[in-house]
Amino acid sequence: MGCTAEGLATALRAAAGVVAEHRAELIELDRAIGDADHGENLHRGFTAILAALDAGTPATPGAVAKLAATTLISKVGGAAGPLYGTAFLRAATKIGDAGELDVPLLVEALKAALEGVQARGKAVEGDATMVDALLPAVAAAEAAADGGADPAAVLTAAADAADKGAESTVDLVARKGRASYLGERAVGHLDPGARSTALLLRAFAEAAR
Ligand code: ADP
Ligand code: MG
């Protein structure tokens, strides 16, 4: 049992709802160590994804992921738009024209998303970015898949690891993005992009149930 185009569209709609609910929180996180636009950026992007899906859901999960990618890249400025856009684009390429996302392909898509973020942003683990949420999430997804988990359990493992990884950014000195301009002063703050990555993965996990 895998995730169809309709399933991925449902997950993206759920993610849009979560982004709307957490818009103010993400703005406040970014106000502390950036320029207070992360919540607004993501909200604009996911509102546009909703509109694109309303206009017609593409036939395959890969095409749905590609629609999300192109929408984020065209509608969201700043660092996060191109980074999340690249993540969805790499995932879309990995999914190709498969009719369903089964567990192995889901894990491959998550790996491709991480590789895209790292290729684009050059952040490694410990730089206090979304990579600190996404990298352990991908590792946890792989481990869950190896243990025979279904898609919902794979995504739940990823979301749990992303929560922990995001939390780890509180103690880190940011080395990428705007927060890196603050040096030691960024310590004590949760990275907004790591938080949004954890929120998105949780939304996908809940939608997969
Ligand atoms: P901007 O920083 O341009 O205002 P956003 O506020 O939307 O863009 O996004 C900020 C988030 O983007 C950060 O919290 C961080 O997680 C992520 N980020 C910034 N630069 C990088 C990078 N080089 N690699 C990975 N993630 C990054
Ligand atoms: Mg910002």
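Tutor: Terms first. Helices (H or I, at least four residues) and strands (E, at least two) are DSSP runs, numbered from the N terminus. On a 1 Å grid over the protein atoms alone, a pocket is an open set of points with protein on both sides within 12 Å along at least five of seven lines. A cavity is a set of points where a 1.4 Å probe fits but cannot get out, and lining residues have an atom within 4 Å of a point. Also, this is a predicted model: local features need pLDDT of at least 70, side-chain atom pairs count only at pLDDT 80 or more, and totals for chains, interfaces and linings use all residues. Residues are numbered from 1 along each chain as written, chains are lettered from A and ligands numbered from 1 in written order, and side-chain values use heavy atoms, without hydrogens and water.

Student: Fine. Which helices supply at least two residues each to the lining of the second largest pocket?

Tutor: Helix 2 (23–33), helix 3, helix 5, helix 6 and helix 9. The lining has 25 residues, and Ala 79, Ala 80, Leu 83, Gly 177 and Arg 178 lie nearest the centre.

Student: What's its volume?

Tutor: About 470 Å³. A volume here is the space filled by probe spheres set on the points, with grid points joined across faces, edges and corners.

Student: Where does ligand 1 sit?

Tutor: In that second largest pocket. "Sits" means that more than half of its atoms lie within 2 Å of the pocket's grid points.

Student: How many residues surround ligand 1?

Tutor: 20, the closest being Asp 35, Asn 41, Ala 79, Gly 121 and Asp 191. The cut-off is a heavy atom within 4 Å.

Student: Which atoms of Asp 191 and His 38 approach ligand 1?

Tutor: Polar side-chain atoms. The one of Asp 191 is 2.5 Å from a ligand oxygen, and the one of His 38 is 2.9 Å from a ligand oxygen. Met 130 uses a backbone N or O atom, 3.0 Å from an oxygen of ligand 1. A polar contact is a pair of N or O atoms within 3.5 Å.

Student: How much of ligand 1 does the protein bury?

Tutor: 93% of the 560 Å² that ligand 1 exposes when taken alone. Areas are Shrake-Rupley, with a 1.4 Å probe.

Student: Which element gives the largest share of that shell?

Tutor: Helix 9, with three residues.

Student: New topic. How much space is in the largest pocket?

Tutor: About 600 Å³. It is lined by 30 residues, with Leu 8, Leu 101, Leu 106, Leu 155 and Phe 204 closest to the centre. Helix 9 supplies the largest share of this lining, six residues.

Student: How does that lining divide by class?

Tutor: 25 nonpolar, four polar and one charged. Ala, Val, Leu, Ile, Met, Phe, Trp, Tyr, Cys and Pro count as nonpolar, Asp, Glu, Lys and Arg as charged, the others, Gly among them, as polar. The shell around ligand 1 has seven nonpolar, seven polar and six charged residues.

Student: And how many cavities of 30 Å³ or more turn up?

Tutor: One. Its lining residues include Ile 33, Thr 169, His 189 and Asp 191.

How values were computed
A polar contact is a pair of N or O atoms within 3.5 Å; within protein, one must be able to donate a hydrogen and the other to accept it, and residues adjacent in sequence count only if both atoms are side-chain atoms.
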